[in-house]
Amino acid sequence: MTVYLVAILLTAIISSVGSGRRSYTITENDRKIYYWSNLYTIAILIVWCFVFAYRGLSVGSDTSGYYAVYRRIFSDNMTYSNFINYERDVFFATLEFFCAKFFQGNWIWFQVVVAILTYLPIISVVKKNSNDVTTSLLLFIFTLQFYSGFNGMRQGIAMSFVVYAYFNYLLEKKYLKFAILILVAFSVHSSVILVVPFLLFSLCGFSSKIVRWSAAAIVVLYLFVWQIWPYIIQFFTAIGQVKMANDYAEAGTGHGSGLLRVIVAMLPFVLGFFYKNILREKYKNIDVELAMVLYGALFMLLSMRYWIFARVSSYFCGSLVIFIPKLIDIFTDRRIGKLFILILYFSYMVALLLHGDGAYYPYTFFN
């Protein structure tokens, strides 16, 4: 736990200093875009990359599996064509193959590359869009999104690309760039296809019919997922995602998420809903953010049935960590409100780490 605590402390210090020296501009969509020196971005990225890259093979339940595949590329002198035939997600497989060749099978350098692709877009989005960068970055850690790439490396990169595409392109109406980056994210992890419609729906705002009907559809899916799931698998097959269909066909055989994760995911939406009038006075985009937070919470609800939906929920994490600091405004004393929120989420993180969630704890170094 010491490594994680040091990383949290350094993140808080660096981001606090950087936040004190930033400025902002207002876009034509009335969004505040913040700027700070790239020096602070690089400093935080170094800290996060170190934790990611130097973790032992037992840190993260999928780490050893990724390591075995990566090392086999180099040790067996595999050709690109032979390797890619067995892989579903072309971009990540290509990245993995050429890193193995270029770094001569060095695992640490490959992990540095993966960490940069996972964390840099998130840090960039947070520093430009959050009204409290330090709180948002800490919440990214405390909600365990920081650790999720330890297991799902492919999805960690895909999630980061989706968050970047949403904030930097879709919200700015740069649709071609959005589509291109989404396609890249899809080639990293095909689960991106599940979330794209909801990104588009969110633009209509929480009060729109399409958001409310789609939210209701997710609730219906939760109630009847056992009956509906085979049709979803058939849909994947019909659109050519045969490997994805095969991977997810048995998704329900694993354990689902616990109730605590659902409560924590749902609470920001509940608070935002009840205090939306107060928030709207200061933040013009609050209905869009509420829609995104709601979708993230509902997919976490679905994960109680099928664990795979917890990973789908992670695609909405960017909106969540940017939205939560705005809830500080509902407190009479902002400092007390901020401290209260951070303590609650930190306690949540510690509870799940100690419980063994994702095998992220205890942290050991690679050797």
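Where is the place of Leu 144? In this predicted model, Leu 144 sits in the loop between helix H7 (133-142) and H8. Its phi is near 75 degrees, a positive value in a residue other than glycine. Leu 144 has a relative accessible area of 5% and is therefore buried, the cut-off being under 20%.

A positive phi also occurs at Asn 77, where the angle is near 50 degrees; this residue, too, is not glycine. Asn 77 belongs to the loop between helix H3 (63-75) and helix H4 (80-84). Its relative accessible area is 59%, so Asn 77 counts as exposed, for which the cut-off is over 50%. Most residues other than glycine have a negative phi, and most peptide bonds are trans.

The backbone also holds a cis peptide bond. The bond runs from Tyr 361 to Pro 362, with omega near 5 degrees. Pro 362 lies in the segment after helix H19 (334-355).

Helix packing was examined for H1 and H2. Two packed helices are described by the angle between their axes and the distance between the axes. For helix H1 (residues 2-19) and helix H2 (residues 38-53), the angle is about 175 degrees and the axes are 9 Å apart. H1 is therefore roughly antiparallel to H2, a term that applies to angles over 145 degrees. On the H1 side, the contact is formed by Val 3, Tyr 4, Ala 7, Leu 10, Thr 11, Ile 14, Ser 15, Val 17 and Gly 18. H2 contributes Tyr 40, Ala 43, Ile 44, Val 47, Trp 48 and Val 51. By class, 12 residues of this contact are nonpolar and 3 are polar. No charged residues take part.

Two residues of this helix pair, Tyr 4 in H1 and Val 51 in H2, also touch Phe 150. Phe 150 is part of helix H8 (residues 145-151). Its relative accessibility is 0%, so Phe 150 is classed as buried. Which residues does Phe 150 touch, not counting residues up to four places away in sequence? Besides Tyr 4 and Val 51, the set consists of Phe 52, Arg 55, Val 59, Gly 60, Thr 63, Tyr 119 and Tyr 360. Pro 230 is 80 residues from Phe 150 along the chain, and the C-alpha atoms of the two are separated by 30 Å.

Note on methods
Residues are numbered from 1 along each chain as its sequence is written. This is a predicted model: local features need pLDDT of at least 70, side-chain atom pairs count only at pLDDT 80 or more; totals for chains, interfaces and linings use all residues. Side-chain values use heavy atoms; hydrogens and water are left out. Axes are lines fitted to C-alpha atoms, for helices over the stretch in contact, and angles run from 0 to 180 degrees between N-to-C directions. Helices (H or I, at least four residues) and strands (E, at least two) are DSSP runs, numbered from the N terminus. Angles under 35 degrees count as roughly parallel, over 145 as roughly antiparallel, 65 to 115 as roughly perpendicular and the rest as oblique. Contact means heavy atoms within 4.5 Å. Ala, Val, Leu, Ile, Met, Phe, Trp, Tyr, Cys and Pro count as nonpolar, Asp, Glu, Lys and Arg as charged, and the others, Gly among them, as polar. Buried means under 20% relative accessible area, exposed over 50%, partly exposed in between (1.4 Å probe, protein chains only).
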